[in-house]
Amino acid sequence: MKKRRTAATASMVMAGVLVTAGCGAGGPSAGGGDFTDDKVVLALLNDASGVYKDVSGPNSKIAIQMAIDDYQEKYGDDAVVDDIEVISADHQNEPDIANTKAQELYDREGADVILDVPTSSAALAVATQAKNKKKVYINIGAGTTELTGAQCNKYTFHYAYDTWMLANGTGTVVTEEGDKNWQLIYPDYAFGQDMVKSFTGAIEAGGGKVAGTIATPFPNDNFATYITKAGAAKPQVIGTMHAGGDLINLVKQYNESGLKDQGIDLAVGLMFISDIHSLGVEAFEGTIFTDAWYWNLDEKSREWADRFMEETGDRPTYAHAGNYSAALQYLEAVQAAGTDDADKVVEELEGKKIDDMFLRNGEIRAEDHQVIHDVYLARVKGPADVKEDWDYEEIIKTIPAEEAFRPASESGCSM
Amino acid sequence: MSAVLQYTVQGLAAGSFYALAALGLAVIFGVLGVVNFAHGAFYMLGAVAAAVLLDTLGLSLWGALIVVPLLMLVFGMLVERLLVQWLLPLDPLYNLLLTFGLTLLLVDLVKRRYGVSGLPYERPSALSGRVEVGGVGLPVYQLFVIGVALLVCLGVWLLMTRTRVGMIVRAATERPELAGALGINVGRWVTPVFGFGVALAGLAGVLAAPFRAITAEMGSDFIIILFAVVVIGGLGSIVGAVVGGFLVGLVEAFGQAYAPTFAQVLIFVLMAVVVLARPAGLFGREEATA
Amino acid sequence: MLEIENLSAWYGEAQALREATLSVGAGEVVTLVGRNGAGKTTLVRCLMGLHRHLTGSVWLDGRDITSLPAHRRARAGLGWVQDDRGIFANLSVEENLLLPPRVSESAWTLEQVYDAFPALGIRRRAGGTTLSGGEQQMLAVARVLRTGARVLLLDEPSEGLAPVIVAQIGEIVRTAKQSGIGVLLIEQNVRFAATVADRHYLLAQGRLVESLDNDEFVERQDELLEHLGI
Ligand SMILES: Nc1ncnc2c1ncn2[C@@H]1O[C@H](COP(=O)(O)OP(=O)(O)OP(=O)(O)O)[C@@H](O)[C@H]1O
Ligand SMILES: [Mg+2]
């Protein structure tokens, strides 16, 4: 998934493990010598200016700082480390830039953990660096199942969502609700192809069929004819795997096409609340999609969302909440381990059961490092039902953690 | 059959944006010799301005179709006065670079101010829905876009062929030095012509607002296609810009229908074929041998 | 009415004109004769304000126009006929005629132009460059007459044209002269020059080497021809 998701990364962590190690004569270490440079550095690596800026971007740095503050408040004098810092870098959704930045962050900036990294190819590059440098990487922004599949490794964790979970949620449920005959439109690159595969599996599992698929160039702004073509096959539902600006183009032109009036629904593979916010609920009204988190889900979410809004002026996306949660859980693991040593922290994280404002019934699966949790099937509200800004989603189903993600047995991961 | 009609309408609607914007690009190139790289950004500003005016002042599409081009006219004239004019005496490459830099600046400013996810836009309800033509439901808005584009192109054509201003612009386009030596103050026309070209890009942006994603980046791919349009039509040729615009729109639509993955590639194949067969483009004149 | 003082011009380092001083009076036809590359075209381009790397001054009706831009010189009464005729391909014959603004009371009307040049009237709607070479030359001359220019600058109008047409151009020059228009005629066709002009300047390597009246000019025609290498 090239672009798209943003997510912010957060970075937390501490310092670095190996970094120069000059330790030798090194200075006295405040916390007892178990922390490289006597501090923990969390590094957010994401898209600071491109298409995923709104969904995660710089606001995720604020979310990570909130996690640091909460950690310090909670442990006070008992904290195993006093000096915790968040830094950030822009990878412009380019895998080679992400690769270089990850190296710099780990080696030169003393990052103990890298957070976020939207764009699957970039995330995979960072995962490889994490493995080589033996430093922690927690992905929030990217959707590829490879991170917990063939390319999994001991230091990489996958938070929030992936393509399997999106397809399973949207594909299965929409099919079970009666839309059995599908046409899929997807952007012709790795993410899109991946999504089509996952969706097809989910749709067939739900008893439906994919009658046709249409590949489109990426990026693209004119979908009118693709939509007409898909509609001409008379499906019950058209599934789109597009995201960001392409998705907005496609939805506007779907609304224009009249297919809605003919009863041909639109299901969206990947959508963020920031997309709805920018295009308006009218355009998306009734669209069904799978969300990893929603700010107005319950009291716990809302409370955190209010704090976030005070800091940023906006409601949080899943990525802001995910970066906060990942940063906090990382710091909890550091606290428990008493060190920022990556191997020890990983040991703490593996198998940990978590219930926080982001993860419900969460567990960091030891086998493949997939972080499983409850996810939600959402329907976009109509304008009349929107009571405040960002009040866009009606949660129609909660998919329990054990069903929401690909079973570890199918992941193909061996560490 | 009904599908072919739909594809044709979709192609002409997309072609409308290309034709209008390419027309602006062509007049600017003709009179100033400037390849205006910022044309895609001006198209984007047109759409963003329409969205912002709707959001803040409640100005509907009808109003935006008048107001935004006027704003863009003024903005274009300012750009010409403050920036472009200083580089006109130099190699045209300098203005290409200037307008390229201006593009980066405008895109970034819009991103900073309005974010990257895009802006919402709602069109007047009179333009929603479909009309039945031969058993096929055609979107009213697409037909409206085609109608507006054709009217504006016709208007520009009449302006260029039937008025003294048009005559002067044609003369200045062909041989600016000679036009000057015959008593025409060519410099006086440079600023309004630049503004006019920018206004056309802005108008294309307003028309695109209801059915394209309104983002800072929306002009980035658009400008590349526009360059293909003017190369196909003939650099500086007004008729060529319009015909090239609609042609490219149709190629895109039928490409999407019959060769989905290659829809965009086809445009550049068409461009390559035209350049090989007629280097000056379909309506371009070969360089006069001086 | 047109006076040029110490006009020197350069292309980069290369000097193309050296301190040329000459004048053209009302109703006077003056030729500038010189071989290829002598600097004749450079001189008229300096007069029109199209070549600006120069020293010296240009006066029209006692007014210094040296620093005026081209379009204001045209409006002040200079009518330029370019060496390649300068017909606009994108303009019809009639638009070519109507493009330049009228600059004096003596401007010809379209009817007068079409009376004098019937071929232009017949083809008024045709594209400018669809005319034959001779017709284009007529159009170029008619165009400056229609503005009412008081000094014509004709750059080799006879070049490449059939003798009948050259004779016609001679007719026009004489008509212009009778109406008080001054003409600076650039020519390599010495025989033609001798039939229309009052005075002649000889230009060699950017320098005015001789100034002759028409009788002297006719007497020394063979010598001059040799000088010009024709
Ligand atoms: N644009 C230019 N750059 C450099 N040198 C030039 C340029 N134009 C003319 N020259 C040179 O200046 C000199 C005078 O040229 P000019 O065109 O004035 O001659 P001319 O007398 O009009 O010749 P012709 O009879 O061929 O028209 C020539 O040596 C020519 O090579
Ligand atoms: Mg010459």
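## Spans, cores and contacts

Author: In this predicted model, residues 92-110 of chain B are 100% helix and 0% strand, with their end C-alpha atoms 27 Å apart.

Reader: What makes a residue count as helix or strand in residues 92-110 of chain B?

Author: Helices are DSSP runs of H or I with at least four residues, and strands are runs of E with at least two, numbered from the N terminus. By that rule residues 92-110 of chain B are 100% helix, whereas residues 257-277 of chain B are 81% helix and 0% strand, with end C-alpha atoms 26 Å apart.

Reader: Where does the name "transmembrane region" come from?

Author: The name comes from an unreviewed UniProt entry, which lists seven spans of chain B, including 92-110 and 257-277. Such annotations may be inferred rather than shown by experiment.

Reader: Why is the set of 136 residues called a nonpolar core?

Author: The term denotes buried Ala, Val, Leu, Ile, Met, Phe, Trp, Tyr and Cys residues joined through side-chain atoms within 4.5 Å, where buried means under 20% relative accessible area with a 1.4 Å probe, protein chains only (exposed is over 50%, partly exposed in between). L42(A), I114(A) and Y330(A) are among the members that touch the most others, so they meet these conditions. Helix α11 (residues 318-337) of chain A gives the most, 11 residues.

Reader: How do you know where this core lies relative to domains 1 and 2 of chain A?

Author: Both domain 1 (36-161 + 297-369) and domain 2 (164-291 + 375-400) give residues to the core, so it lies between them. The bounds come from an automatic or database domain assignment. The C-alpha centres of the two domains lie 29 Å apart, and their contact takes 13 residues from each.

Reader: How do you know which pair of chains has the most contacts?

Author: Contact means heavy atoms within 4.5 Å. Two pairs of chains touch, and chains A and B have the most contacts. Chains A and C do not touch, their nearest C-alpha atoms being 36 Å apart.

Note on methods
Residues are numbered from 1 along each chain as its sequence is written. Chains are lettered from A and ligands numbered from 1 in the order in which they are written. This is a predicted model: local features need pLDDT of at least 70, side-chain atom pairs count only at pLDDT 80 or more; totals for chains, interfaces and linings use all residues. Side-chain values use heavy atoms; hydrogens and water are left out.
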